[in-house]
Amino acid sequence: MKKNIIALFALASASVFGQSYTGYLTDNYSGVHTVINNPANIVDSHFRTDINLIGASVGFGNDYFGADKLLSELISNPDGIQSFLKQNTERYPSTRNNAVMNMDILGPSFMFNLNKKNALALSSRLRGVVNANNINGRLYEIYSGFDKSKNATLGIKDMNVNQHFWGELGLSYATVLMDNNEHFLKGGVTVKYLQGIAYSKANADASFQYDANGTPNNDNDNTLDIDGTVNYGYTSNINDIRENFSVGKLLESMNAGSGFGGDIGLTYEWRPDYTETDRNKYKLKFGLSVTDIGKINYKDATQDTYTGQTTIANQAFQDEKLEDLLNGLDKTSKKSLEAKLPTALHLNADWNINQKFYLNFNANMDIAGDKINANNIENSYILTPRFESKLFSAYIPMGLYEYSGFQAGFGLRAGPLYVGSGSVITNLIGETKGADFYFGLKIPLYKKVKGKKDTDRDGIVDAMDACPEVPGVVENNGCPEEEVVSVVQVEEEIGMHTKSIYFNYAKSTFKEGVTQKLDAIVAVMNEYPENQFSIEGHTDNKGTPNSNQILSEKRAKAVMNYLIKKGISASRLSARGFGQTKPIDTNDTKAGRANNRRVEIKVKK
């Protein structure tokens, strides 16, 4: 560990926003990416399956420096970012500066539906997080222009620097917990196998007093007084990772440590338009999740803790090894490290304004607590208006970030491509304290939406058309307009008998005595051979909407089949089930539910 002590503690002040794929994760078509913030969202999605080929998100934020054209430099010349920052930044040093860097590469991953109420996802991620908390920015100012001829006091209070790289293999499961028409709730969980790559940490609560004139006994020597506690730890490969940094190098080193982690989430939707088939059913959606619960243990590692007070008399102390500078302090060591994940709480609210335009609010909050042995996210509160459709979406995230302040960006999704930045607008306008960007490619396989076919071209899809082969009107459920003169008389005569059509419980078989009523209906129909009839089945709200829909269809067809069997031409009849969607009475009472369980026969023109 050959870093000079002042350089080590000042390093993170120049480090390179803690969130991934800003804006894109609000999209209902983001697919397998939803496991990143809330695994519940993979179920009841728009996809049969969604396959991510590759995606990458990188960014940083801080409260120490600001710069113009930060994003363009980060994209075009990431290796030279530190040199750029030294030459082109406005600095805001304090005794407690902070910075965070986040790298999140989503590798080959996919999600798929087991059935309508259950879904699975498999994901692979390569991640890196660097945190610097409570850094003395004034210390960095002193060090970067250090003058040996002047005295200096360098105070460090609760300083923490953590650098962590690791891989994840995740298995996510989500299920529908409640589907009560307007109220819909789903939950999900992700279990992750963690593969540690490299980790380092430095913590200090100490003072460093530099005396340019030396001790009273020797005026030719400069001295450095160290008083307090200094702790640093690192895996054996951390220097190799830093000096030869690349994705390939990270993948090669993915065996330095191991552990397990997890995410858990819930999503509630208020669905006043719950009968929609090809669009988002919700008007309001709320999400709550906790991500990155877990830790990684490293055995091939060193952790040293120094405490006490010492004085170093050495004109060349800037070039000394860290161990040499701290040798005068009491030392304890151990050969292992524990690195906790950046546990975070996510709150999400999404307003469906008109099926094309949405407004999303997202809060991301650090709950890891332990800044010594854990990485931490940058707290953020983001408002994102977006346009969303099946093949194209666009977002303008506007957020307040804990360290980098206000950031505004832009992103889009066009078929299999997604690209964006949560800070590009701010970077274009002027000086900013943060920058990020993301891009990726996927293969989305959308659900086949039933009910969009309109055979008779009357503007009413077949799934909602009681007469799909004959043009009709909405007021008559897609059937031709009823003949006013004869309809009332015919329906009154038939209605006298349909009130007594009873079925066995939860079945489409008739109760005893019902066939006599149906025979009477046959007689009425024979009196009016010019008329066609629509047979409509209805249920109460007991049971699920799906089971009630199926039952109503079976009962309507049972009546139609009996009438055909008794000689009524099939060309004069059609059957349609409406489930529980068209009650004529309250479902809160036994009598009301009985009225809602019915078969109606209407006259068609």
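Helices (H or I, at least four residues) and strands (E, at least two) are DSSP runs, numbered from the N terminus. I worked on a predicted model, in which local features need pLDDT of at least 70, side-chain atom pairs count only at pLDDT 80 or more, and totals for chains, interfaces and linings use all residues. Residues are numbered from 1 along each chain as its sequence is written, and side-chain values use heavy atoms, with hydrogens and water left out.

**Entry 1**

I looked up Ile 425 and found Ile 425 in helix H8. Its relative accessibility is 30%, so Ile 425 counts as partly exposed (buried is under 20% relative accessible area, exposed over 50%, partly exposed in between; 1.4 Å probe, protein chains only).

I then listed the nonpolar surface patch that includes Ile 425. Strand E17 (380-388), strand E19 (398-401) and helix H8 (424-429) each give two or more residues to the patch. Patch residues have over 30% relative accessible area and no salt bridge; like charges are joined within 9 Å, nonpolar side chains (Val, Leu, Ile, Met, Phe, Trp, Tyr) within 5 Å. A salt bridge is a side-chain nitrogen of Lys or Arg within 4 Å of a carboxyl oxygen of Asp or Glu.

**Entry 2: partners of E1**

I followed strand E1 (residues 47-62) next. E1 runs antiparallel to strand E23 (residues 434-446), with 13 bridges (two strands pair if DSSP finds at least two bridges between them). Thr 49 has Leu 445 of E23 as its bridge partner. Eight bridges link E1 to strand E4 (residues 97-106), again antiparallel. There, Gly 55 is partnered by Leu 106. Strand E5 (residues 109-115) pairs with E1 over four bridges, in the antiparallel sense. Ile 51 has Phe 110 of E5 as its partner.

**Entry 3: the E25-E24-E26 sheet**

I found three strands in an open sheet of mixed pairing, in the order E25-E24-E26. Strand E25 (573-577) and strand E26 (598-604) stand at the edges with a single partner strand each, so one side of each has no neighbour in the sheet. Neighbouring strands are turned by 20° against each other on average, direction ignored. Strand E24 (residues 532-538) runs parallel to E25, joined by five bridges. Ile 535 stands opposite Ala 575 in E25.

Helix H11 (residues 545-565) lies across E24, E25 and E26, at about 160° to E25. Axes are lines fitted to C-alpha atoms, for helices over the stretch in contact (heavy atoms within 4.5 Å), and angles run from 0 to 180 degrees between N-to-C directions.

Methods. Areas by Shrake-Rupley, 256 points an atom, 1.4 Å probe, with all protein chains shown as cover.
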